[in-house]
Amino acid sequence: MQTFAHIYTLIIKEVLKGERKVCTIFASSFKKTDIMMTMKDIARELGISVATVSRALADSPRISEERRRQIQQYAREHNFTPNVLAESLRHSRVKPVKVIGVIVPELVHYYFSTILKGIEEEAEAHGYRIMVGQSGEQYEREVRLCQSFYENKVCGIIVSQAKDTQHYEHFQRLMDAGVPLVFYDRICTGVNASRVVVDDYMGAFNAVSHLIETGCRHIAYYGSQMNLEISKNRFNGYKDALLKHGLPFDERLTRYCDNRQDAEYITPDMFDGDQYPDAFFAVNDDTAIGILYTVKRMGLRVPEDICICGFTNGERAIACDPMLTTVEQRGIRVGEEAANILIGHVEGSIPLSHVEKRIVRTRLIIRGTTR
């Protein structure tokens, strides 16, 4: 039977081939456009108030015909597309089609597919549907997804930031346009938006503490680039666990590595010197499994010679030998909380001006790769 993530991945592949019947759902097939223009942008450029722009676009007789024509022409020339759905949900008793846009970095990852499941179940329980697109960890695709969701009049967007996103204007413009925005997992510190995260710091701290308490003294760290907040939090949890237990931090034991392929490539080099690791803490399960298979091929025993801990608790964690000790992230719960906040913003129970921050607790699942 095909998995939930696999089915979504097949759909997206068809979109990338140019299948027109679903191109309105997945923005990877849309042409490149400028980031959406808002009424605030038009007002600033023309030196008028936002209220004047709003009335002119609504063809209000309170605005002179000449001014209306000027504003409407400017809006057309700059491809302005008003998002009326979110506003109508907040101020009208009429119930339009309620659709939430969801941006996922990569659907093939177990964690993101479980988050999507949580979002969909919570949305359905409140009468909403979801429109899904994956950024593929690419900034430009993330921008296009935001643009296409805006043009498709979604009532709000739930997003996990792509790895290489360094600029945040596309998110800020959505918020300026009145589109509710909620981040999950990888939050954007460049904009003041609602968010749902797991306690990455404590998850890493507890995992590394477990390794130390079971006799490990030279613990290597495989993590992601530090532009992501989750990477900083997990790295700090790793370092603070060493500090608490009186072990020195050794930069030679840290690597930027967050996938199985790279883990299998670089792990043998960790054993070239006189002093090599007796344990590994990895930023996700795939990386941890790459370490596991590599050290086993090298003739090392797990956990007798090397202990390994991951971070996710996906299905692969129990499909390897020995089964993987890992930090459980509870993706379904993350998705439910993100959808709950977004719906609250849309329906007015959580004001748009209020930044809602929720933390989902992790727990350490001890299995066969640690003592």
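Visitor: How many of the six residues of β9 are buried?
Guide: This is a predicted model. In it, β9 is mostly covered. Cys307, Cys309 and Phe311 point one way from the strand, while Ile308, Gly310 and Thr312 point the other way. Residues on either side are buried, and the count for β9 is six of six.

Visitor: Which residue of β10 is the bridge partner of Cys309?
Guide: β9 and β10 run parallel. Four bridges join them. For Cys309, the partner in β10 is Thr325.

Visitor: Which residue of β9 is the bridge partner of Phe281?
Guide: Here the pairing is between β8 and β9, again parallel. Three bridges hold this pair. Phe281 has as its partner in β9 Cys309.

Visitor: What is the handedness of the β-α-β unit made by β8, α12 and β9?
Guide: The two strands, β8 and β9, are parallel. Helix α12 spans residues 285-297. Together, β8, α12 and β9 form a unit that is right-handed.

Visitor: What span does α12 reach from its first C-alpha to its last?
Guide: The helix has 13 residues. At 1.5 Å a residue, 18 Å is expected. The span in the model is close to that, at 18 Å.

Visitor: Which residue has a side-chain oxygen within 3.4 Å of the backbone nitrogen of Asp286?
Guide: The contact sits at the start of α12. Asp286 is itself buried. The side-chain oxygen that reaches its backbone nitrogen belongs to Asn284.

Visitor: Which residue with a positive phi follows α12?
Guide: α12 ends at residue 297. The residue in question has a phi near 90°. It is Gly299.

Visitor: Why does Arg234 count as buried?
Guide: Arg234 lies in helix α10. Among the residues it touches are Tyr221, Phe311 and Gln329. Buried means under 20% relative accessible area. Arg234 counts as buried because its relative accessibility is 4%.

Visitor: Which side chain is joined to that of Arg234 by a polar contact of 2.7 Å?
Guide: Arg234 touches both Val283 and Asp200. With Val283, the backbone oxygen lies 2.8 Å from a polar atom of the Arg234 side chain. The 2.7 Å contact is between side chains, and the partner is Asp200.

Notes
Residues are numbered from 1 along each chain as its sequence is written. This is a predicted model: local features need pLDDT of at least 70, side-chain atom pairs count only at pLDDT 80 or more; totals for chains, interfaces and linings use all residues. Side-chain values use heavy atoms; hydrogens and water are left out. The expected span of a helix is 1.5 Å times one less than its number of residues. Buried means under 20% relative accessible area, exposed over 50%, partly exposed in between (1.4 Å probe, protein chains only). A polar contact is a pair of N or O atoms within 3.5 Å; within protein, one must be able to donate a hydrogen and the other to accept it, and residues adjacent in sequence count only if both atoms are side-chain atoms. Two strands pair if DSSP finds at least two bridges between them. A crossover is right-handed if, with the strands pointing away from the viewer, the path from the first strand over the helix to the second runs clockwise. Contact means heavy atoms within 4.5 Å. Lists of a residue's contacts leave out its neighbours within four places in sequence.
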